[in-house]
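This report goes through side-chain interactions and packing in one protein chain. The sequence and structure come first.

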Amino acid sequence: GGKTPPPQTKTDKEDAHTATRNNKSTLFSPDDMPVTEAEFTQAAEDVKRYKQCTNDEQLELYGWYKQATIGDCTTERPGMFDLKGKAKWDAWKSREGSGKGTAMDEYCKVVAAIKAKYDDDA
């Protein structure tokens with residue numbers, strides 16, 4: 001009963017490629033492990049406390065979140081009267097091609113930046 005393993009998805013190669021390119025951030029040292037699902041989930045929970053996020057920050061979070069949890073955007077772009085829907089769709093669509101690991105990583109970076117920015121006010 002030799003079952004053939006499922007074909008590898010394209011994200012592994014891409015992640016290795018994008019990880020090296022995006023390592024300019026000071027928040028994570030280069031040898032740091034990519035974020036785990038647990039850290040990603042925690043970041044998503046944490047950021048809900050920051051109600052003062054700007055629209056841009058929310059869209060950035062949304063785009064990376066969808067890319068991390070669903071992958072490339074698969075839906076049609078909303079109509080011209082749905083401004084919010086269009087903005088969200090664009091934010092997600094602009095992440096197309098990012099692997100899950102990259103998207104989770106970037107999402108956590110955005111959350112970390114938001115925490116750093118707003119925790120001073122507290």
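At 25% relative accessibility, does Lys115 count as buried, partly exposed or exposed? Lys115 counts as partly exposed at that value. The model is a predicted one, and the chain averages a pLDDT of 83, with 74% of the residues scoring at least 70. Over residues 11-26 the pLDDT is below 50, and this stretch has 15 contacts in the model beyond near neighbours in sequence.

**Salt bridges**

The structure holds nine salt bridges.

| Pair | N to O distance |
|---|---|
| Lys115 and Asp46 | 2.8 Å |
| Lys117 and Glu57 | 2.9 Å |
| Asp105 and Lys109 | 4.0 Å |

The side chains of Lys115 and Asp46 meet in a salt bridge. Lys115 belongs to helix α5 (residues 100-119) and Asp46 to helix α2 (residues 37-46), so this pair ties together parts 69 residues apart in sequence. Asp46 counts as buried because its relative accessibility is 11%, under the 20% limit.

A salt bridge also joins the side chains of Lys117 and Glu57. Here Lys117 lies in helix α5 and Glu57 in helix α3 (residues 55-69), so the pair ties together parts that are 60 residues apart in sequence. Lys117 is partly exposed at 41% relative accessibility, whereas Glu57 is buried at 12%.

The salt bridge of Asp105 and Lys109 has both partners in helix α5, four residues apart, so about one helical turn separates them. Asp105 and Lys109 are both buried. Through salt bridges that share partners, Asp46, Arg49 and Lys115 are joined into one network.

**Nonpolar core**

The largest nonpolar core has 18 residues, and those with the most contacts inside it are Val47, Leu61, Tyr107, Val111 and Ile114. At least two residues of this core come from each of α2, α3 and α5. The most is given by α5, with eight residues.

What is Tyr107 in contact with, leaving aside its neighbours within four places in sequence? The contacts of Tyr107 are Phe40, Ala43, Ala44, Val47, Leu61, Trp64 and Tyr65. Tyr107 has a relative accessible area of 4% and is therefore buried.

**Aromatic pairs and charges over rings**

The count of aromatic pairs comes to four. One of them is Phe40 and Tyr65, with ring centres 5.4 Å apart and planes at 20 degrees, so the pair is stacked; planes under 30 degrees apart count as such. With Phe40 in helix α2 and Tyr65 in helix α3, the pair ties together parts 25 residues apart in sequence. Phe40 is buried at 4% relative accessibility, and Tyr65 is partly exposed at 35%.

Tyr65 also pairs with Tyr107 in a tilted arrangement, at 5.7 Å centre to centre and 55 degrees between the planes. This pair links distant parts of the chain, Tyr65 in helix α3 and Tyr107 in helix α5, 42 residues apart. Phe40, Tyr65 and Tyr107 form one aromatic cluster.

Two charged side chains are placed over Trp rings. The charged end of Lys66 sits over the ring of Trp92, 5.0 Å from its centre. For Arg95, the charged end sits over the ring of Trp64, 4.5 Å from its centre.

Note on methods: Residues are numbered from 1 along each chain as its sequence is written. This is a predicted model: local features need pLDDT of at least 70, side-chain atom pairs count only at pLDDT 80 or more; totals for chains, interfaces and linings use all residues. Side-chain values use heavy atoms; hydrogens and water are left out. Buried means under 20% relative accessible area, exposed over 50%, partly exposed in between (1.4 Å probe, protein chains only). pLDDT is the predictor's confidence in each residue, from 0 to 100. Contact means heavy atoms within 4.5 Å. A nonpolar core is a set of buried Ala, Val, Leu, Ile, Met, Phe, Trp, Tyr and Cys residues joined through side-chain atoms within 4.5 Å. Rings of Phe, Tyr and Trp (its six-membered ring) pair if their centres lie within 6.5 Å; planes under 30 degrees apart count as stacked, over 60 as edge-to-face and the rest as tilted. A charge sits over a ring if NZ of Lys or CZ of Arg is within 6 Å of the ring centre and within 35 degrees of the ring normal.
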